[in-house]
Amino acid sequence: MDQNRRTQSADPKKKNQKKSLGIEVRKYMSQAGLTKSRLAIRSELEPSYIWQLVNDRIQSPSVGKLVKLCLALQLSKRESKRLLSIANRSFSPIKPQEKVYQKIIEMYYNSGTRATVHDEMWLEEAYDELQKYGLEDFS
């Protein structure tokens, strides 16, 4: 009976645990060897935005900003989907822009580059992909 009671008390705790976007971003930053400042530069996002994000002050970042983070952190497509999932976002199968985002993440990850998000070598290909769908930028 005591064992059953322990099991019951552990289950609600597990159910209520929510992944923190900030913790996940910090984990990927650590793996990539990036500081908040370097992540801001690589992602072309404001340093204050990065600070707010890693401190869980931003609840609903846009998919476009999350894609910039995924690229800057050099995440795989799977890791990128996980990060979006934690932020309660996902790539919409009906939005052409988000299909392009997925393709760009794959292109960037597969290239093995350690460049910044705005590196001209791969960015030209990324913008070509966006323009194929009449899109101009990550939004």
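1. A nonpolar core is taken here as a set of buried Ala, Val, Leu, Ile, Met, Phe, Trp, Tyr and Cys residues joined through side-chain atoms within 4.5 Å. Buried means under 20% relative accessible area, exposed over 50%, and partly exposed in between, with a 1.4 Å probe and protein chains only. The largest such core has 33 residues, and Leu 21, Val 25 and Leu 39 touch the most other members. Two or more residues each are given to this core by helix H2 (21-32), helix H3 (36-43), helix H4 (47-54), helix H5 (63-72), helix H6 (77-86) and helix H7 (96-111). H5 supplies the largest share, seven residues.

2. This is a predicted model, in which local features need pLDDT of at least 70, side-chain atom pairs count only at pLDDT 80 or more, and totals for chains, interfaces and linings use all residues. Residues are numbered from 1 along each chain as its sequence is written, and side-chain values use heavy atoms, with hydrogens and water left out.

3. On confidence: pLDDT is the predictor's confidence in each residue, from 0 to 100. The chain has a mean pLDDT of 76, with 71% of its residues at 70 or more. Confidence is highest in H4, at a mean of 96, and lowest in helix H1 (residues 2-16), at 44. Where pLDDT is low, the predicted coordinates should not be read in detail.

4. On the overall fold: the chain holds eight helices and zero strands, both being DSSP runs numbered from the N terminus (helices H or I, at least four residues; strands E, at least two). Of its 139 residues, 42% count as buried. Among contacts with a separation of 6 or more, 64% are between residues 24 or more positions apart.

5. H5 and H6 can be set side by side. Nine of the ten residues of H5 are buried, so H5 is largely enclosed by the rest of the structure. The buried residues of H5 include Val 63, Gly 64, Leu 66 and Lys 68. In H6 the buried residues are Ser 80, Leu 83, Leu 84 and Ile 86. These cover an arc of only 160° around the axis (taken from the directions from the helix axis to the C-beta atoms), which puts them on the same side of H6.

6. Two backbone positions should be noted. Most residues other than glycine have a negative phi. Gln 74, not a glycine, has a positive phi of about 55°; Gln 74 is in the loop between H5 and H6 and is buried, with a relative accessible area of 10%. Asn 88 also has a positive phi, near 55°, and is placed in the loop between H6 and H7. Asn 88 is exposed, with a relative accessible area of 55%.

7. Which residue has its charged end over the ring of Tyr 49? Lys 65 does, 4.4 Å from the ring centre. Lys 27 lies over the face of Tyr 28, at 4.7 Å from the ring centre. A charge sits over a ring if NZ of Lys or CZ of Arg is within 6 Å of the ring centre and within 35 degrees of the ring normal.

Notes. Contact = heavy atoms within 4.5 Å.
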